[in-house]
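Please work through each task before reading its solution.

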Amino acid sequence: PYSGKQPFIRAAMILCAKYGRYLIWGDGDAEAWQWDRLASDTNWRNILSQTGKYVVLEPKNNIYPVWWEAQSTLFGLWLLQNMTRNLGAWDESWYWTSAGFGEPNVTLAPE
């Protein structure tokens, strides 16, 4: 079973659902397959089905190709199982400039 951060995250999910607040949960290590393990664990699916309205799951989007797999898992939780109603994206400002993006309509030379 998936055991990452169980006590704290579970308590936060329950509290957020109780008080109508959002829990933003980002996966900073996409290569650990966190969202896959969460989606395949019955205990996590049960808690997500109860609190998913208030949970925003977001994969870090600068880890390729793992990001595509993580995003697919989250879309599955949202679309097929209705366990989360919100999806996010973990965007890091340093990455975009390193990848050559600057102001709108301006491409920077790679560093």
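**Aromatic contacts**

One aromatic cluster is formed by W25, W35 and W44. The model is predicted: local features need pLDDT of at least 70, side-chain atom pairs count only at pLDDT 80 or more, and totals for chains, interfaces and linings use all residues. Residues are numbered from 1 along each chain as its sequence is written, and side-chain values use heavy atoms, with hydrogens and water left out.

**Exercise 1.** Classify the pair Y22 and Y54.

*Solution.* Rings of Phe, Tyr and Trp (its six-membered ring) pair if their centres lie within 6.5 Å; planes under 30 degrees apart count as stacked, over 60 as edge-to-face and the rest as tilted. A search of the whole structure finds three aromatic pairs. For Y22 and Y54 the centres are 6.0 Å apart and the planes at 50°, so this pair is tilted. Y22 lies in the loop between α1 (6-19) and β1 (23-27), and Y54 in the loop between α3 (42-51) and β2 (55-59), so the pair ties together parts 32 residues apart in sequence. Helices (H or I, at least four residues) and strands (E, at least two) are DSSP runs, numbered from the N terminus.

**Exercise 2.** Characterise the pair W25 and W35.

*Solution.* The pair is edge-to-face, with 5.2 Å centre to centre and 80° between the planes. It links strand β1, which holds W25, to helix α2 (residues 34-40), which holds W35, 10 residues apart. W25 is buried (under 20% relative accessible area, with exposed over 50% and partly exposed in between; 1.4 Å probe, protein chains only), at a relative accessible area of 4%. W35 is buried at 1%.
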